Amino acid sequence: MKLIVKNNYDEMSTAAAQFTTRIVRNNHKAAIVPAMGNTPIGTYRELAEMTNSYHFNPSGLKIFQLDGYLGLSPNDPRSLERWLRHSVLTPWGIKEEQVTLLKENSEDPQALCESYTENVKMSGGFDLAILGLGPNGHLGFNEPPSDSNLPTRVVSLTDESIRSNAVYWGGESKVPRKGITAGMDLLVSARQILLLVSGEHKRGILAKTLKGPVTKEVPASFLQQHPNTTIITDKAAYPEGRADI
């Protein structure tokens with residue numbers, strides 16, 4: 001596990017974009033699963049700018065949706081497919097044939113989970129998982145308790161995640177109670193994992209992720225066992241660290 005501490009959010013986003021660019025330069029057909037949420041948005045914005053300036057070439061990538069809220073149409077403002085399209089697919093010029101979605105309005109979620117898993121395996125697994133850190137240590141919607149071998153599946157969101165996501169949708173009552181997520185088994189098998197953490201409110205859970213026991217009660221703690229995990233954080237989330245450690 002490698003920890004990189006940047007002075008602020010913008011520096012963190014730049015470092016993460018540069019990290020991603022190096023991965024894609026070495027493998028222009030990489031399979032990438034990008035998290036949604038506020039933390040990685042700056043990274044995706046920088047990569048979009050690098051695409052426009054020909055410093056980042058996503059034309060051969062395979063993009064996999066990480067998670068979503070079950071029961072939403074792609075046009076619903078809360079849809080994570082919609083967010084993925086707005087933040088990654090359209091700005092990077094990704095074509096439909098490059099994308100594997102976790103369709104939130106699927107009529108057969110179990111079959112969807114199985115086909116998604118098969119598509120990941122046919123791609124050789126994830127080359128890069130770009131992840132955020134949930135307030136309870138979740139990765140995607142792998143809510144605690146989540147062991148490292150859990151598959152892609154439908155999940156019930158915890159109260160903590162509902163409270164955390166309420167800020168995006170205007171209140172807890174508007175947050176769906178069910179989600180669908182790429183499994184822990186697929187995420188911890190990724191060749192490279194990039195975990196982005198920002199803000200003072202993430203200090204406690206980041207400390208548990210880095211230094212606490214490896215436990216299904218903090219799913220992100222399993223990243224301690226991954227040989228190629230890079231955590232890029234700002235000083236607000238990791239104040240005791242100096243820049244670029």
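How many salt bridges does a search of the whole structure find? I got six (a side-chain nitrogen of Lys or Arg within 4 Å of a carboxyl oxygen of Asp or Glu).

Ground rules, before I go on. This is a predicted model, so I kept local features to pLDDT of at least 70 and side-chain atom pairs to pLDDT 80 or more, while totals for chains, interfaces and linings use all residues. Residues are numbered from 1 along each chain as its sequence is written, and side-chain values use heavy atoms, with hydrogens and water left out.

**Salt bridges**

I looked up Arg85 and found it paired with Glu96, closest N and O atoms 2.6 Å apart. Arg85 sits in helix 3 and Glu96 in the loop between helix 3 and strand 5 (99–100), so the pair ties together parts 11 residues apart in sequence. For helices I took DSSP runs of H or I with at least four residues, for strands runs of E with at least two, numbered from the N terminus. Arg85 is partly exposed at 25% relative accessible area, and Glu96 is partly exposed at 49%. My scale: buried is under 20% relative accessible area, exposed over 50%, partly exposed in between (1.4 Å probe, protein chains only). Glu81, Arg85, Glu96 and Lys103 are linked in a network.

Next I checked Asp127, which bridges to Arg191 with the closest N and O atoms 3.1 Å apart. Asp127 lies in the loop between helix 4 (109–122) and strand 6 (128–132), Arg191 in the loop between helix 6 (184–187) and strand 9, so this pair joins parts 64 residues apart in sequence. Asp127 is buried at 11%, whereas Arg191 is partly exposed at 42%.

Then I looked at Glu240 and Lys211, at 3.3 Å between closest N and O atoms. Glu240 is in the segment after strand 10 and Lys211 in helix 7, so parts 29 residues apart in sequence are tied together. Glu240 is exposed at 53%, and Lys211 is exposed at 56%.

**Helix 7**

While on helix 7 (residues 203–211), I asked which residues are buried there. I noted Ile205, Leu206, Thr209 and Leu210. They cover an arc of only 135 degrees around the axis (taken from the directions from the helix axis to the C-beta atoms), which puts them on the same side of helix 7. Their cover includes strand 1 (2–6), strand 9 (192–197) and strand 10 (229–234), with contact meaning heavy atoms within 4.5 Å.
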